[in-house]
Amino acid sequence: MEIPSKYNPVEVEDKWYQYWLKQNYFHSEPDEREPYTIVIPPPNVTGVLHMGHMLNNTIQDILVRRARMLGKNACWVPGTDHASIATEAKVVAKLKGEGIAKKDLTREEFLKHAWDWTDKHGGIILEQLKKLGASCDWERTCFTMDEARSESVIKVFVDLYNKGLVYRGVRMVNWDPQAKTAVSDEEVIYKEEQSKLYYVRYQIEGEDDYVTIATTRPETILGDTAVCVNPEDERFKHLKGKRVLVPLVNRSVPVIMDDYVDMEFGTGCLKITPAHDINDYEIGMRHNLETIDTFNDDGTLSEKAQLLVGVDRFEARKQIIPMLEDAGNLVKEEDYKNKVGYSERTDVVIEPKLSAQWFLAMEKLAKPALEAVESDDVEFHPKKFKNLYRHWMGNVKDWCISRQLWWGHQIPVYYLADGSFVVAETAEKALEAAKEKTGNAQLTMADLTQDEDVLDTWASSWLWPISVFDGINDPNNKDIQYYYPTDDLVTAPEIIFFWVARMIIAGYEYRQDKPFKNVYFTGIVRDKLRRKMSKSLGNSPDPLDLIKQYGADGVRVGMLLCSPAGNDLLFDEALTEQGRNFTAKIWNSFRLIKGWEVAGFLKQPEHSRLALDWFNHKLNEQIAIINDHFEKFRISDALMTVYTTIRDDFSSWLLEVVKPAYQQPIDQKTYEEVLEALDKVLRILHPFMPFISEEIWQLLRERQDGESIMISQWPEAGVVDASVLNDFESVKEAIAGIRNIRNNNNLPMKDQLELKIQSGDKGYNQQYDSVIAKMANLSAINLVNEEVKGAASFRVYSSSYFIDLGDLIDAEEELKKLEEELKYTQGFLNSVMKKLSNERFVSGAPEAVVAKEKAKQADAEAKIKVLQEQIANLK
């Protein structure tokens, strides 16, 4: 069989992905096996693959592939989110480009455009995930607005309303003037900005005196309904019971007293605009103040402002300053740094706005979800995110779940002409409820008007782990009974409140159980300058271009080499190149093995037997370490262990020891055992690098159609003999010492050398002479009882190794090196002795740590003694 000299990822990846699909390996149905379930964090239907998706989905794929190999019934459910604000904005922009305004369309006409757009773009990101190797159960693909998910969302709204947890109220909300919708607190991003603080004076009614306030938003003055001072502030006691005139509009408003006012900020006087500030709104409620909303939904000034009507809020700010100055009300302005809230979706400044919205009462719902994380029933990785979760859940606010959009789940509330309403899952059920409520059997659908608003996107995705198995509509179906609760959720910490917390809440409310057992928080993918990767900054490579250049396996390795859980990933394209180079290393090792001629008549050499015995113990040790890393969700560490096992232990040591001499055959036993070792190595590699592991595994031996590494068994961590591992480490050090002597003395590898060893109690085992002889090209190994004068030497623990180079050795140079090593070792011993002479260290450190330092002392003292003897021999 001709094995290509170079690995071709493009050809291999497409071939094996299609094979896996054809064999239906990704699909899962309930059976007698232990289930392992992951639900994908559904990417926005507007989205295309970015670096964050690459990291997140690589980790999910690793977990699910390993679970399959452990014999579990692995199910990874894919899907997309309808993303109300983002998708509606995309559709509005597309229509605008075609000369069509949303306001000129009916709801039905607009939704047709939205569905057309979704049908065209909605599957793009899922198709891209296939290029990464994602082994999702594509037959189970869900969409948050497909029929089953939509029914689930509406059913839950009605249920929560009937439980008294959903209510309608006029509240101060975060208003996005571009999207013209309310957004939740978690969708507001605060940015520090250089602003201005304007000092404005208000005339005391009936007097020539004034009070001065400080504000960053002078355009809201037109909606002021009071001025407030702290009742403890002696400076303003004389204002009690008085009124002041609002500049420009001369509205008479009261001076009120409230201890909310910070006497140290500004002038100690606060203007109160209940319609445009959450704190002002609460003060206004306490003091029964009038509320004057001076803004339209698009952020322009309304008729109630009286001035600058129709002008954008920021333009109004510019124009009102000279107006205040001309009127004699502007005292001064100062530079001022403050934090300004921006809409996460549209990146426009949020406007606090009074609005009638639907809310979900959260306090009662949040309690079991908080307890679940506190008790580690739902375990966070890393644990530091528990503090963040605890803070939010302990201070949870009612959730504004309505959005003033058309794309989304329309709220199932139906109004009658008199303003009363009914809540029902369908229009037909609503009509029946309305007839019963009014006692009017003559009512028709024409008498009902459904609420125009839709639900917040997160009010659908919070049901995701339940709704993907149809557990809301059919709570006892076999899928939800088998797959729920799911096992692991892989997500980003920035949606811990949006999504993670709310899914946990929904899980306990609707299944009386957690939605998942573990949450693995990935970091943010950043560039080398620590900037978040984004299209707008132009610092994010196209993941598909990376896959084309480096192969999916190379990119997966590159992403993981720098991504510890919960910490930001500093992406460097050099890491994906390192991933590709590792792919080439594996391929070349495979080609080397397959290039050997096998001779059945040859007996297995002792060096090969010993190397294979060592490698099997080493591999058992590494598998146990990898398993432990997986248990602790140290995915990057698990990959690094696999990486070094293949690069160092397998390729650099095992293959080099067993490799036959040039143009010589290898014995059958060694060859078969090497293939068996490679088979195990490929299986621990598979979750990380699925494509090359499948390609080599298929070529390793003759396979039947339907066989695949992805359904083979994860290797077990067998017995580990520590003495074998320790002895072989000494062998490696000895070989490295001989190679150093060759390099330092320009002795070619083809020239055989004679080795003499003065054995100590550690650092040499005669059993491994054949390995040392093979790897160092030695003519003989002899034991000696004393130092070999004039020989080049080195030590491995307490054993001394000598190579008599005769005239080849430069005695002066060797003496210089030995003296340098002696000086270094003495310095090392001094540092150890400082620790051991420190009573606080000896009494406070764990016993094992102190013992380790004492062992270092003994080794250093023994080494110093030998070095001193070697130096004496050369002088």
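Trainee: At what angle do the axes of helix α16 (residues 543–550) and helix α17 (residues 552–560) cross?

Mentor: Packed helices are described by two values, the angle between their axes and the distance between the axes. In this predicted model, the α16 and α17 axes cross at roughly 115 degrees and come within 7 Å. Helices here are DSSP runs of H or I with at least four residues, strands are E runs of at least two, and both are numbered from the N terminus. Axes are lines fitted to C-alpha atoms, for helices over the stretch in contact, with angles from 0 to 180 degrees between N-to-C directions.

Trainee: Which residues of α16 and α17 meet?

Mentor: From α16 you have L546, I547 and Y550, and they meet A552, G554 and V555 of α17. Contact means heavy atoms within 4.5 Å.

Trainee: Before we go on, what should I know about the model?

Mentor: Residues are numbered from 1 along each chain as its sequence is written, and side-chain values use heavy atoms, with hydrogens and water left out. Since the model is predicted, local features need pLDDT of at least 70 and side-chain atom pairs count only at pLDDT 80 or more, while totals for chains, interfaces and linings use all residues.

Trainee: Okay, sheets. What is the order of the strands in the open sheet of three?

Mentor: Strands in a sheet pair through backbone hydrogen bonds, either parallel or antiparallel. Here the order is β19-β18-β20, and the pairing is antiparallel; two strands pair if DSSP finds at least two bridges between them. The edges belong to β19 (421–423) and β20 (449–450), each with a single partner strand, so one side of each has no neighbour in the sheet. Between β18 (residues 413–415) and β19 there are three bridges, and V413 has V423 as its bridge partner in β19. Helix α11 (residues 427–438) packs on this sheet, touching β18 and β19, with its direction about 130 degrees from that of β19.

Trainee: How many aromatic pairs does the structure hold?

Mentor: There are 37. Phe, Tyr and Trp rings (the six-membered one for Trp) pair if their centres lie within 6.5 Å; planes under 30 degrees apart are stacked, over 60 edge-to-face, the rest tilted. One of the pairs is W614 with F728, stacked at 4.2 Å centre to centre with 10 degrees between the planes. This pair links distant parts of the chain, 114 residues apart: W614 belongs to helix α19 (residues 606–631) and F728 to helix α23 (residues 722–744). F728 also pairs edge-to-face with Y768, at 6.1 Å and 80 degrees. Y768 sits in the loop between β28 (753–758) and α24 (769–776), 40 residues from F728. One aromatic cluster is made of W614, F615, F650, W653, F728 and Y768.

Trainee: Are F728 and Y768 buried or exposed?

Mentor: Both are buried, and W614 is buried too. Buried means under 20% relative accessible area, exposed over 50%, and partly exposed in between (1.4 Å probe, protein chains only).

Trainee: And the backbone: where do I find cis peptide bonds?

Mentor: Look for omega near 0 degrees, as from H381 to P382 and from Y484 to P485. P382 is in the loop between β15 (379–381) and α10 (385–394), and P485 in the loop between α14 (478–483) and β22 (486–491).

Trainee: What is phi of A83?

Mentor: Near 50 degrees, a positive value in a residue other than glycine. A83 lies in the loop between β3 (79–80) and α3 (84–97) and is buried, at 4% relative accessible area. For D376, phi is near 65 degrees, and this residue is partly exposed at 28%.
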